[in-house]
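Good morning, and thank you for giving me a few minutes of the meeting.

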Amino acid sequence: MLTILKLALLQSWETSFVALRALRRNKLRSGLTALGIIIGVASVVAMVAMGNGARVRIQSQVASLGQNLLTILAGASHSGGVSGGLGSASALTLGDAEAIRREVADVVAVSPEISTSAQAISNGRNWSTSIVGESPDYLVIREWKLASGSMFTERDVRAAAKVALIGSKTAHELFGPLDPVGQAVRIKNIPFAITGVLASKGAGMGGQNQDDRIIVPYTTAMKRITGDRYLRSINLQVVSSERMDAAQQQVTSLLRQRHRLAADREDDFNIFNQKEIADTVSEVTGVITLLLGAIASISLLVGGIGIMNIMLVSVTERTREIGIRIAVGAQPSAIKLQFLSNP
Amino acid sequence: MQDANTTVLVQLRDVEKTYRTGEVEVQEVRGVRLAIERGEFVAIMGASGSGKSTLMNILGCLDKPTSGEYVLDGLGVAGLDRKRLAALRNRKLGFVFQSFNLLTRTTALENVELPMLYSVPIIPRRARRQRAIGALERVGLRERVGHYSNQLSGGQQQRVAIARALVNRPELLLADEPTGNLDTRTSIEIMGLFQELNESGLTIVMVTHEVDISAYCKRVVVMRDGIVISDNRNEVRRCAQTERAALDEVEHTARLA
């Protein structure tokens, strides 16, 4: 038994020696074959890596919106035959936001949102930017971090304090390299104390620059800047992604009740469920991954056919050699081994 | 042992070989009886299609007879599987072909080493090398050991092929038109080598269709349409050594004149 094993080992050693020598003699063909295999494998690896990279990037984009986010947008206004865009209707109120905070158990954070655009002046420079009113929960809801300073507080909200957070782009435009924290910025001639600078977040899902904005307490925005009693939207954070649909339903029925909508009337608000976006996105990335996988497997198949072709050519062009080897007494297994080890 | 008579090396009894090509059955060999003893030098002659090459393939264990019995060195070939046949070819048979059939892009030495790669038990590399050099020396090519096949003349290539056939010390050397691709002078040299090997005890069976060449052998078997029609000893044998000496003489005088 041992001697048979030893024999097989020696035989395969001899075969690999012959194969190595043949490789040296057919340098070009060996090189091209190796190149084909290398490129094939590399393309497969690259495809897989690209697929994974795209998926991670898209998922992080979605995650940058915030976790388990529900956004209630006021519906369109219709007055005198002119239809405003979404959020233009005067339907959402602070009472609605309070009611949601009180009555929907799955909602863990609420931030009423008012937005307008205004000229911000500071440091002898001015810059037109969007002014957004939010609650202190907003940064939690959007998973947004501060580059420096601190968020305004509930007390600032109650007092409608003249405090502001500034986006990194806006800060750059108004203050250049200086630290804006503690500085003042005037919006509609009202001086605001800057308490913090938002970390850069890049372009949002819609392509708008999220870093060009000033965030103030929503009460301040309503009372001192816009003078409006209505909200543009309400941002909600739900306790978990499983509770998203349930929370959306509860919020919908609560708001319909509060707005006294009859059963046959449409909603006068729209709810954007982040889970729906995430689901769509994951579907899209799934398709992309499938596509890349298909391309990779095709290239693998082509590579395989190439190797088969080379094997076939080397066998057919060497039938004479096989004949010679058989005539001098080569075992069939030895011939097979030779051609498998040396395509 | 099937044969008590150990001087008989090859025993063919009623050997037939039939090929099927589509619908048509072609009977290449139809009932050949032949006994070849050790030390013989046999020429198998016949026109193309006479079945001599088929018979050669059967003798070389490259093909099995459809019916009949082939006993080689006391061993019935019919019952052997492909692995056993390969081992048998390796140990007991040496082949020489019309077109030399050396491996291309391979040195003379490596070509001669080839059969030993498939030998059981394994022959160590150094011993292989020595035996291959010895065989090349025997055919007069000591100086050409490292030459590649395409750097050798036809006669030299055939000598390498003969060395390859001899290297495993076979019982039987089978040659299929060994001089078919060679000029007269080289043919005489190769036949001289065969006669030398035969004198030293090697059994040789050679297929040829040239009467001139068969005249170097001790025995001539003539085939036609798949059967043996005559089997005679050569009364007058050509001697390659004296012919070559004469040829040298003629050339020498021609050069002087």
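First, the conventions. This is a predicted model, in which local features need pLDDT of at least 70 and side-chain atom pairs count only at pLDDT 80 or more, while totals for chains, interfaces and linings use all residues. Residues are numbered from 1 along each chain as its sequence is written, and chains are lettered from A and ligands numbered from 1 in the order in which they are written.

Let us begin with burial. A residue is called buried if 20 or more other C-beta atoms lie within 10 Å of its own, exposed if 12 or fewer, and partly exposed in between, with C-beta atoms placed from the backbone. A nonpolar core is a set of buried Ala, Val, Leu, Ile, Met, Phe, Trp, Tyr and Cys residues joined through C-beta atoms within 7 Å. The largest such core has 74 residues, and I44(B), V112(B), A163(B), L174(B), I204(B) and V205(B) have the most contacts inside it. A second, separate core comprises 50 residues, including I100(A) and M222(A). In chain A, 28% of the 343 residues are buried.

We now turn to the chains together. Two residues are in contact if their C-beta atoms, placed from the backbone, lie within 7 Å. By this criterion, 18 residues of chain B touch 14 residues of chain A. Which element of chain B gives the most to this side? Helix 2 of chain B does, with six residues. Helices here are DSSP runs of H or I with at least four residues, strands are runs of E with at least two, and both are numbered from the N terminus.

Next, please find helix 4 of chain B, residues 125-138. The expected span of a helix is 1.5 Å times one less than its number of residues. For the 14 residues of helix 4 of chain B this gives 20 Å, and the end C-alpha atoms are 20 Å apart, which agrees. R128(B), A132(B), A135(B) and L136(B) are buried in this helix. Seen down the axis of helix 4 of chain B, the buried residues fall within an arc of 100° (taken from the directions from the helix axis to the C-beta atoms), so they line one face. They pack against helix 3 and helix 5 of chain B. On the other side of helix 4 of chain B, R126(B), A127(B) and Q130(B) are exposed. Just after this helix, G140(B) takes a positive phi of about 80°.

Finally, the strands. Two strands pair if DSSP finds at least two bridges between them. In chain B, four strands form an open antiparallel sheet in the order 2-1-4-5. Strand 2 and strand 5 of chain B stand at the edges with a single partner strand each, so one side of each lacks a neighbour in the sheet. Strand 1 and strand 2 of chain B pair over eleven bridges, and K17(B) has V29(B) as its bridge partner.

In chain A, strand 9 has V185(A) and I187(A) on its covered face, and A184(A) and R186(A) on its uncovered one. Four bridges join strand 9 to the antiparallel strand 10 of chain A. In the hairpin of these two strands, which has two residues between them, K188(A) takes a positive phi near 45°.

Thank you for your attention.
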